[in-house]
Amino acid sequence: MVKIHERKFVSVDPDKCVGCQVCEYICAWNKEKAFNPLKSRIRVVRLNPLVNVSITCRLCEDPPCVAACPRDALTQSEENGTILVDEDKCNGCGWCIEACDYGAIMLHPEKKVVFVCDLCKDKPDGPQCVKWCPEEALDLVTADVLAQKARITATKKLFQEALKTSTTP
Amino acid sequence: MYGYAGRVLHVDLTTGKTRIEPLNEDYAKKYIGGIGLGMRLWLDHSKAGVDPFSPENPLVLTTGPTSGTVWPTGGNGHAFVSKSPQSYGIAEAKSHGSFGTELKRAGYDAVIFHGKAERPVYVWIDDDSIQILDAAHLWGKSPAETEDIIKEELGDYYIRVAAIGPAGEKLVRIACIINEKSRAAGRCGLGAVMGSKNLKAIAIRGTKDVTVAKPDEFLEFVKEFHERMKGPATKKYRTLGTPENVLVHNALHCMPTRNYNNAHFEAAEKVSGEYLNDRYVAKIIGCSSCAMRCEHVCVVNEGPYKGAMARVEYEPLWAMGPYCGVDRLDAIIKGSELCNYYGIDSISAGVIVGFAMDCFENGILTIKDTDGIEASFGNHEALVKLIEKIGKREGIGDILAEGVKFAAEKIGKGAEKLAQHIKGVEVTGYDLRCLKTAALGFAVSFRGADHNRHGSYAFDVKGKFNRLKYEKGRAKAVKDIEDVYTVIDSMIICKFSRGTYYKEFEDLAKLYTLVTGWETTPEEMRLKGERINNLARVINVREGLGRKDDTLPWKVMNVPIPDEGPSKGAYVTQEELELMLDDYYEARGWTRDGVPTPEKLKALGMDDLIPIVEAKIQKA
C-alpha cells in the first residue's frame, strides 16, 4: 500500500499554463477516441486573459466525492489513490460533482455516469496530458514535491536581486 | 465525412426561420473551408451589387477542416465572409481562440445569416437547437460584457461567444467581430455588417465528437509540429511577438510614420517590442490547441492609463504609435483596450486617427471640427479621445467612423490626398514606397490594403529582392505566396505558424489528407489556393472592382520618402504601378483589366463562374 504522501497527481503551474487545451484534446482522444473537451478528465479554466489553469483530480485524502456517493459507486484505489467509478452502480445523480471543490469529477455527456482522472493507468508512460503539454506546465508530482517547488519559488522571489548578483561573473 | 461536420446552417433573421442543409462535398474539396468555402457560399447567396448594409447581404461564418481537432493553431480558427462596407468588394476576416472549435462540435462547417432582425437579437446555437433570442439588454454593451451576460443567462461557462460592440451597432465601417473578449475578426468592417442585421452576438455550445480520417499518423504529425513550433520558425512570436518589427522596420526606414509623412520614427525605442516586453507584458497566452502561444497580454501599472489591459501586436501598436507620432506604450495599450471595448479594428482606428492628425496639422480640420481636441501628431490624449469618439460615432467621430476614404470625401479640402487606403481599407505598417514587392501585393489584395493576404513584404524586408526598385517577373513570387496564404486562411491555420510548414504545399497537403482521408497532392493543394484567389477576384469583378481599384494610396505615389537614410527619395511611380499590374495579371493568366479569363476558370474547374467574367470581358 502506498502512503498518502507518495501519491502522485497531475498538477499545473499557473505561470506556465497558457490555456491551450491540448491536455483536454489528448485526454479525450486517449479515453474516448474523440476530440471533444467534454469528454476530457482535465479541464482548462480561463478567467480573464491572464488567468489560465488546467484542473484535474487531486486524489484527496478522504475524498469527499467518495463520501458523498449514496450508491457506493465510488471508491479510492489503495494502490495509487485514484477514484474508481463502478459504472453499474453510478446513476449520474451528481452528489459527487457537488462534493468536489475542484470540479474534477464530471458527468459523461453520453454515458450519464461520472468520470474522473485515472492517471492513464493503461499507459506505460503515464498521464498523456503531462506528456503532451507543450508548455510543460503539467507535472505528475507528490504533494511533498509540490511543497518543495513552492519553497524554492518563494525563496527565489525573496532573493531575486541577490541571485542575480551571485550568478554574474 | 472526416474533417467536416457535413452541415451548413441557414439562419434567416427576418423570418426567424432556420434550416440545415448538407455541405456540398464538391465545394469542400474545391474551396477547403474558411475563407474559400465562405466566399463561395457568399457568392451563391447574394446578388451582384448588393449593398453591404442591406438585409440581402448574407454574413457567412465558417470553420476549417482542422477546426475542433488538436491540430496546433488549426483546431481553433473561424472566418467571417461578406461584402465589405469599406471596399464594396469581398470581405473576409479570421479569428482564433475556441469559438471555431465549438461551432465544429455543434456540427456545422458554416452558418449563413440572412436578412435582418426587427429588433436586436443574438443567435444561440446549442448543437441542433437554434434559437434567436432577444438582445435588447445587450445593446450598447462591449463584446466582453456581452459574453459574460450571455454565459450567465444561458448558465454555462464553456459557451463560446462572438459579439459586436457599440461600434458595430452604429455601423462604424471599421467595426469588427470579437470572440472570447480579446480576439477580433478585425478587418473589412464585418462588425458593421453584423450590426446592420441587428445581430449582437452568436453564442455556441457544441458537444459532438470530432475525429480525423487517419488518427495515428495525424497525432504523429501533431507531435512533430509541436516540436517545430518550439523551433526557430516561431521564435519571434514566442518571445517578443510581432512588436519585434518596430525596430527592424525602423532601421530599414520602412515604417510609415505620422500618416506617411515619414518612414522612420525617431522615438521607436520607446514603442519597441523590447520595451513592451520589459515593462508591460504580464503574460503570454495561447489559443485552443496551439503549442506556440503568441498572445502578449499587456497591463499598464501606473500613470493616467493605469489598469488598461489588452493584447498587443505590431500592427495596432504601429498604427496607434508611430503612425500617430505617439511614443507612449501606455496610451497605445489604452487605445487597444478601447478598440476591444467598442469593437473596432485597431489597425484602421490608428490609421484614421493618424489621418485626422494630418488633416489637423494641415488646417483641413480645425479645433472646432475636432470638438476641441488638439489633434496634433504625438498627442496621446487626442489619440485616446478620438478612438472613443469613433467608437461612439460622436462629434468628429461620426465622420471618422466612415473610414479614411469616405471621411476624406466628406471633409473635402484635399483630405483625399491624406487618406492612406487601398480599396477603402486603411493601410498597415509597411511603407509601400520603399517595399516595391509589398506594394504590388497590397495593390492587388482582394480585401484592400493588407499585409496578411500575401506577406510579400518578406521578400523586401529580408532582402530577397531589391526593395527600392520593381522588376518584371517578381509577380510570380507574389502570386505563389498569395496562393499559400489563401490555403492557410481556408484551412484556417494560424499565419504565425506558416514557417513551420517547411515544405508548404507538401505539408499542407499531407495534413489535409490525414484529416479528411481524401488523398491530396501538393500540386492539388496549390491549385486550391489559386482557385480561391480566382474566386475572390471573380466576386470583386462581379461587384464592379477592377484594374482601377488595384492601386496605391496617394502619398505612396506622390510623396517621396523625405527621411535621410536607406529609403530616401523612394516612391512608386505610375509607370511602376502599371508594370506591376501587367506583370501580375500575366502571372495570374488574367486579362489586362485584371479579369480572370474563361480559360483560366475552366482550368481551375470553375466553369460555373464563367458567365460572370464573360459579361465583364464583353463589356470591356
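Hi everyone. Helices here are DSSP runs of H or I with at least four residues, strands are E runs of at least two, and both are numbered from the N terminus. With that, chain A reads β-α-β-β-α-β-β-α-β-β-α-β-α-α along the sequence, that is, six helices and eight strands.

A word on the source. This is a predicted model, where local features need pLDDT of at least 70, side-chain atom pairs count only at pLDDT 80 or more, and totals for chains, interfaces and linings use all residues. Residues are numbered from 1 along each chain as its sequence is written, chains are lettered from A and ligands numbered from 1 in the order in which they are written, and side-chain values use heavy atoms, leaving out hydrogens and water.

Let me stay with chain A for a moment. Its C-alpha atoms fill a box of roughly 65 × 35 × 30 Å along the principal axes. Of its 169 residues, 45% are buried, meaning under 20% relative accessible area with a 1.4 Å probe, protein chains only. Take the contacts (heavy atoms within 4.5 Å) between residues at least 6 apart in sequence: 54% of them join residues at least 24 apart. On charge, chain A carries 23 positive and 24 negative side chains, with the centres of the two sets 4 Å apart. Lys and Arg count as positive, Asp and Glu as negative, while His and the chain ends are not counted; the charge is placed at NZ of Lys, CZ of Arg, CG of Asp or CD of Glu.

Now to chain B. Where does Arg588(B) sit? Its place is in helix α23, residues 574-588. Arg588(B) is buried, at 0% relative accessible area. What does its side chain make a polar contact with? The partner is the side chain of Asp483(B), at 2.9 Å; the rule asks for N or O atoms within 3.5 Å, one able to donate a hydrogen and the other to accept it. Leaving out residues up to four places away in sequence, Arg588(B) also touches others, including Glu530(B) and Lys600(B).

Last, the rings. Phe, Tyr and Trp (six-membered ring) pair if their centres lie within 6.5 Å, and planes over 60 degrees apart are edge-to-face. That gives 25 aromatic pairs over all chains. One of them is Tyr260(B) with Tyr323(B), edge-to-face at 6.3 Å centre to centre and 80° between the planes. The two are 63 residues apart, in separate loops of chain B. Tyr260(B) is buried at 0%, and Tyr323(B) is buried at 0% too. Thanks, everyone!

Notes
Buried < 20%, exposed > 50% of the residue type's maximum accessible area, 1.4 Å probe, protein only. Phe/Tyr/Trp six-rings, centres within 6.5 Å; stacked < 30°, edge-to-face > 60°.
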